[in-house]
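Please keep the sequence and the coordinates at hand while reading.

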Amino acid sequence: MTIQSAEALTQLTPAEKRVAERLVAGASNIQGARELGMSTGTFASHVASIGRKFQITSRSGRPARANAVLDSEQVAPPPAPAIAPQLAEADLRLLRAYAKYPETPDIARAAGIAQAEVRPQIKKLIAETGADNATHLIGLAHAWNLLGKGQNGTNPAVETAKPAGTA
C-alpha cells in the first residue's frame, strides 16, 4: 500500500486548475462554464471535486475552496489593483476567518463577531475592496497578501492605501 502525501492528494488536474482559476476570480458556475466552453454541470462537478480534495464539502464553501487552492499555489491570484485597501484589524480578522472556514458559526467564532453580522460585514468588505463577490474577495486578498504566508499578512511589494492626511 502506497501512502500519498497531502500535496499529492490535493494536486489538481489540468481541468480543475482551469476551473480553479475562474473560481478565484469570482466566476459563478454559469460564467466559468461559459468562459471554459463546458457545461455548467461539468464546471460545478470540478468545483465540488476541488472541495473534496481540500476537505471542504460545504455548499457555502466557495471562498474557503478558493483560499485552499491559492494557499496550495496551484493557481495564481486574480489581477488586483496595485494598491491594497487599508483594512481595520477587525476586518482582517473576519477576512481570515472567512477564508478559512466555510460555515457561518465557525467564521463568527474565529472573527469574534455575532453570526448575524458575518454576511453584512462581508458585504461591507466586498464594497470596500471593489471585489465582485465573496469568492473574488478571497482572490484579491491573496493578490494583496492580506492572507499571506508571511507573519503579519503584509506584502512589501504591494502598496497599502493610507487614510487621507497621513504620510
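## A buried charge and its partner

In this predicted model, Glu16 has a relative accessibility of 4% and therefore counts as buried, the limit being under 20%. The side chain of Glu16 forms a salt bridge with that of Lys53, with an N to O distance of 2.6 Å. Because Glu16 belongs to helix α2 (residues 14–24) and Lys53 to helix α4 (residues 40–53), the pair ties together parts that are 37 residues apart in sequence. Lys53, for its part, is partly exposed at 24% relative accessibility.

## Other salt bridges

Across the whole structure, 6 salt bridges are found. One of them joins the side chains of Arg22 and Glu35 at 2.2 Å, N to O, and this pair links distant parts of the chain, with Arg22 in helix α2 and Glu35 in helix α3 (residues 29–36), 13 residues apart. Arg22 is partly exposed at 24%, and Glu35 is likewise partly exposed, at 47% relative accessibility.

Within helix α7 (residues 104–111), Arg109 and Asp106 are 3 residues apart and so are separated by about one helical turn; their closest N and O atoms lie 2.6 Å apart in a salt bridge. Arg109 is exposed at 59%, whereas Asp106 is partly exposed at 28%. Asp91, Lys124 and Glu128 are linked in a network of salt bridges.

## The chain as a whole

The protein chain has 9 helices and 2 strands, and 43% of its 167 residues are buried. Of the contacts with a separation of 6 or more, 62% involve residues 24 or more positions apart. The accessible surface comes to about 9,300 Å², with 52% belonging to carbon and sulfur atoms.

Terms used: Residues are numbered from 1 along each chain as its sequence is written. This is a predicted model: local features need pLDDT of at least 70, side-chain atom pairs count only at pLDDT 80 or more; totals for chains, interfaces and linings use all residues. Side-chain values use heavy atoms; hydrogens and water are left out. Helices (H or I, at least four residues) and strands (E, at least two) are DSSP runs, numbered from the N terminus. Buried means under 20% relative accessible area, exposed over 50%, partly exposed in between (1.4 Å probe, protein chains only). Contact means heavy atoms within 4.5 Å. Accessible areas come from the Shrake-Rupley method with a 1.4 Å probe; for residues, only the protein chains shown count as cover. A salt bridge is a side-chain nitrogen of Lys or Arg within 4 Å of a carboxyl oxygen of Asp or Glu.
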